[in-house]
Amino acid sequence: MKSLPDYRYLAAVLLLVLLFSGCASQPLPAPEPQELQANAQLWNWQAQGRLAIKDGEERHSANLDWQQQGFSYQLMIFGPMGQGTARLDGQPFRVTLTTSDGQTLEASSPESLIRQGLGWEFPLSNLIYWVRGLPAPGQHLLVDSRNLIQGRWEVEWRRFTEVDGYSLPSLLIARHGDLELRLAINSWQLHFPAQEEESP
């Protein structure tokens, strides 16, 4: 068998080097808190990723598709605790949860509804802000550019990524006692309302 010409061999080696160097790229450094203030204007987006829940000795995971439009949202949760797909639809003062068996539950807060329907703690009202690298409204202690204490939760922004000029978390960890939530965002899509054209 003839050996590859030298130039083809070198090209193959160069391709492998480029591929491995791309895989080894480092995440963005944590932005300063003032750099994240622009994220407060992001109210229309879609995030897809994976949620891992550790509660004492119990561990569960689910894939997540989160669509946010203003104060309304829809979360598709695939495979929580082996229960198939659940869908959470929310707007101010009204939240509905549709479970994999077709049961529909309704409540005024997402936290009580998720606890009732899926059996785990998920501070969604605060996560709407935390997932953008921001404290939620109310009392909080911003320890540094990566750590926040708010309510009963300790929040760590482990990794950030750049999306359309915005620095957004790609890995968020929230802890409360023996409970730990890990939310890894694999894909962000930001949607900006169309600007109305000025009248001539």
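**Salt bridges, surface patches and burial in a predicted model**

In this predicted model, Glu180 and Arg175 form a salt bridge in which the closest N and O atoms are 3.1 Å apart; a salt bridge is a side-chain nitrogen of Lys or Arg within 4 Å of a carboxyl oxygen of Asp or Glu. Salt bridges that share partners join Glu156, Arg158, Arg175, Glu180 and Arg182 into one network. Arg158 is partly exposed at 33% relative accessibility, and Glu156 is buried at 16%.

Residues are numbered from 1 along each chain as its sequence is written. As the model is predicted, local features need pLDDT of at least 70 and side-chain atom pairs count only at pLDDT 80 or more, while totals for chains, interfaces and linings use all residues; side-chain values use heavy atoms, with hydrogens and water left out.

The structure holds seven salt bridges. One of them connects the side chains of Glu121 and Arg115, at 2.8 Å from N to O. Both partners are partly exposed, Glu121 at 29% relative accessibility and Arg115 at 40%.

The chain contains three helices and eleven strands, where helices (H or I, at least four residues) and strands (E, at least two) are DSSP runs numbered from the N terminus. Of its 200 residues, 37% count as buried. Gln68, in strand S2 (residues 58-69), is among the buried residues, with 1% relative accessibility. The side chain of Gln68 reaches the backbone oxygen of Gly70 at 2.8 Å.

Two surface patches were also identified. Patches are made of residues with over 30% relative accessible area and no salt bridge, like charges being joined within 9 Å and nonpolar side chains (Val, Leu, Ile, Met, Phe, Trp, Tyr) within 5 Å. Asp55, Glu57, Glu58 and Asp178 gather in a patch of negative charge. Asp178 lies in the loop between strand S10 (166-176) and strand S11 (179-190) and is exposed, at 64% relative accessible area. Leu141, Val143 and Ile149 make a nonpolar patch of about 250 Å², an area that comes from the Shrake-Rupley method with a 1.4 Å probe. Ile149 belongs to strand S8 (residues 147-150) and is partly exposed, at 36% relative accessibility.

Methods:
Lys, Arg positive; Asp, Glu negative; His and termini not counted. Charge placed at Lys NZ, Arg CZ, Asp CG, Glu CD. Buried < 20%, exposed > 50% of the residue type's maximum accessible area, 1.4 Å probe, protein only. Polar contact = N/O pair within 3.5 Å; in protein donor to acceptor, adjacent residues only side chain to side chain.
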